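Hello,

Here is the structure I promised to pass on to you. Please have it open while you read, and my notes follow just below.

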Amino acid sequence: MTMAKEDDNQQVFSESTGEDARLENLGYEQELKRTFGLLGMIGFSFSVVTSWTALSGVFIVGVTSGGPPVMVFSFIGVSLLTLAVAIPMAEMCSMYPVAGGQYSWVAALAPPSIARGLSYISGWFMLIGILAMGATNNSIGANFVLGMANLVFPDYTIERWHTVLVAYLVAFMATAINIWGPHLLHRISRFILIWNIGSFLITTIVLLATNDHKQPASFVFSEFQNFSGWGSSMAAIVGILQACFGMCCYDAPSHMTEEMKSASKEAPKAIILSVVLGAVTGFAFLLTLCFCIGDINTTANTSTGVPVIQILYDSTGSKVGTCFLASMIAIIVIVAGNNLLAEGSRSVYAFARDHGLPFSHIFSRVDSKSHVPVNAVLLTLVVQLALDAIDFGTTTGFETVIAISTEGFYLSYAIALFSRLLGFITGHKTHMKGPFALPQSMSIGLNILGLLFLLFAAITFNFPTDYPVTHESMNYTSAAIGVIGLVSTVTWITTGRKQFTGPQAMSVLNGHERHERGEIGEHHCFCEDCLANEGDDEEEVPSEEELCGLFDLVKWTVCYAEFHGKSVRALHLRRCV
């Protein structure tokens with residue numbers, strides 16, 4: 001009987017190609033429904049990254065800070081450096097395909113002495129980045145809708161509260177699909193991949209074919225434009241921000257791994273391919289916009305509020321044609337809002353599952369019928385609505401939300417790569433052993449290069465885009481980072497320090513918890529797998545029957561749950577004596 005149970009446990013916890021078993025090996029129970037394949041996840045991730053539509057929303061920043069030459073050449077550099085980040089992240093995702101993404105990788109890769117705290121910090125930056133990006137995307141979608149309304153009806157004046165309300169509509173639509181139509185997510189993702197590429201081709205071809213006042217090559221590749229007030233060097237650095245915003249959010253597949261059929265193999269492909277697609281389409285569309293732009297001041301100050309709509313209208317000379325092209329982009333942005341809400345809610349669910357949030361027991365619940373973390377979806381919605389509401393009072397405040405969205409992503413990426421390097425240097429975790437793994441020298445080299453780029457970008461995001469700096473043009477990103485740090489510190493002191501369990505669960509799996517012990521009365525908990533790895537005689541490990549004689553099963557389960565989450569199946573990893 002005992003041998004049969006041990007064989008069952010060995011089967012459950014052995015490395016397996018089955019994703020449910022792999023997730024159980026990571027200490028979690030499969031609660032979400034696996035529906036996504038590779039094509040659907042590429043569509044999901046590409047709609048979120050979609051550099052060419054993201055560039056449409058921040059195009060004018062680059063035009064006024066260095067102009068087309070800075071935009072074009074910085075985009076090439078940022079795209080290559082982004083791959084230096086995405087490839088190591090794909091390795092991590094392949095080895096640890098869990099919805100927590102970055103913070104879970106930090107928990108597994110960082111040295112045990114700092115893993116728990118570093119993972120908690122990473123989790124907060126990750127959540128803020130995803131939630132703020134969702135709010136930003138909703139606002140961009142609203143800008144396109146209202147911009148078309150202004151184009152058709154010139155007497156209509158766009159007010160900030162109009163933008164907020166339309167952004168709310170985008171958020172509510174996404175919430176409805178995520179709660180009542182989760183079975184549609186993978187179908188929508190496959191559809192939007194085709195729509196995305198088709199829209200890119202149609203928009204680019206129409207712009208080039210209809211525009212009769214194209215700029216000369218010198219304007220695009222050599223003429224430095226600076227309307228920012230900064231010196232040339234500083235203006236060029238600020239201009240790079242536009243490219244950084246256009247190459248972001250490529251961690252999306254990692255947060256959906258628990259809904260992918262072959263996550264450890266397909267999610268890394270989706271991460272890398274979404275970056276490649278984003279780089280190719282983004283670069284081509286950026287060149288098209290730079291050649292087709294008219295007067296810079298007129299474009300920057302367009303009454304539509306969206307410079308790209310003005311470029312489309314100046315090129316086609318048709319309101320109908322412009323609205324048709326802008327609508328194609330708006331649909332992509334709206335679907336991206338749906339996907340960002342899905343990604344954000346899964347991240348909230350994962351962080352709450354590891355007790356990283358206040359009221360984690362509420363936000364980690366999954367509806368038994370729909371297999372959707374409904375409470376996490378609703379929390380994601382509420383935060384997006386609150387961030388969008390800032391635009392009711394101040395444009396400067398909402399511009400900070402835009403900056404913090406990219407900053408949050410980049411810092412969470414940086415902490416993950418930093419943890420990988422720390423694990424390698426200290427010998428805690430030297431090799432990546434997932435289905436997708438590079439030669440060690442290449443892996444470490446890309447980690448170093450990617451980390452340096454992320455740190456440069458994270459610092460640059462704090463610079464104001466205009467000079468002289470006033471209270472209206474001030475970049476409050478650094479203050480927002482301080483607020484996030486304060487919130488994470490307070491929650492760590494009040495709840496996280498005692499309850500957050502992500503790092504320990506990962507440590508058990510890696511056999512590095514020999515000295516981590518919890519007490520219930522006079523009994524101490526040890527990692528059975530760790531003891532075996534350290535050369536202990538397997539016969540000395542008591543059987544389940546012996547354990548039940550020493551320590552009843554209920555207390556044994558509580559002992560595990562207090563320190564390593566709630567998965568009852570994983571309790572066989574521990575023994576209590």
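Is the crossing in which α9 passes α13 left-handed or right-handed? Before the answer, some housekeeping. This is a predicted model, in which local features need pLDDT of at least 70 and side-chain atom pairs count only at pLDDT 80 or more, while totals for chains, interfaces and linings use all residues. Residues are numbered from 1 along each chain as its sequence is written, and side-chain values use heavy atoms, with hydrogens and water left out.

**Helices α9 and α13**

α9 passes α13 in a left-handed crossing (left-handed if the near helix is turned anticlockwise from the far one by less than a right angle, right-handed if clockwise). Helices here are DSSP runs of H or I, at least four residues, numbered from the N terminus. The axes of α9 (residues 185-210) and α13 (residues 263-292) come within 10 Å and cross at roughly 25°; axes are lines fitted to C-alpha atoms over the stretch in contact, and angles run from 0 to 180 degrees between N-to-C directions. That angle makes α9 roughly parallel to α13 (under 35 degrees is roughly parallel, over 145 roughly antiparallel, 65 to 115 roughly perpendicular and the rest oblique).

**Helices α3 and α9**

α9 also packs with α3, at an angle of about 65° and with the axes 7 Å apart. This crossing is left-handed too. In α3, Gly-40, Gly-43 and Phe-44 are among the residues that meet α9, whose side includes His-186 and Arg-190. The contact of α3 with α9 divides into seven nonpolar, six polar and one charged.

**Helices α8 and α16**

The axes of α8 (residues 160-180) and α16 come within 9 Å and cross at roughly 60°, which means that α8 is oblique to α16. Their crossing is right-handed.

**The largest cavity**

About 170 Å³ of space lies in the largest cavity (a set of points on a 1 Å grid over the protein atoms alone where a 1.4 Å probe fits but cannot get out; lining residues have an atom within 4 Å of a point). Of its 18 lining residues, the closest to the centre are Val-48, Ala-54, Asn-137, Ile-140 and Phe-245. The lining has twelve nonpolar, six polar and no charged residues.

Best wishes

Note on methods:
Helix = DSSP H or I, 4+ residues; strand = E, 2+ residues; numbered from the N terminus. 1 Å grid on protein atoms, 1.4 Å probe; cavity = no way out; pocket = protein on both sides within 12 Å on 5 of 7 lines; lining within 4 Å. Points joined across faces, edges and corners; volume = space filled by probe spheres on them. Nonpolar A, V, L, I, M, F, W, Y, C, P; charged D, E, K, R; others polar. Contact = heavy atoms within 4.5 Å.
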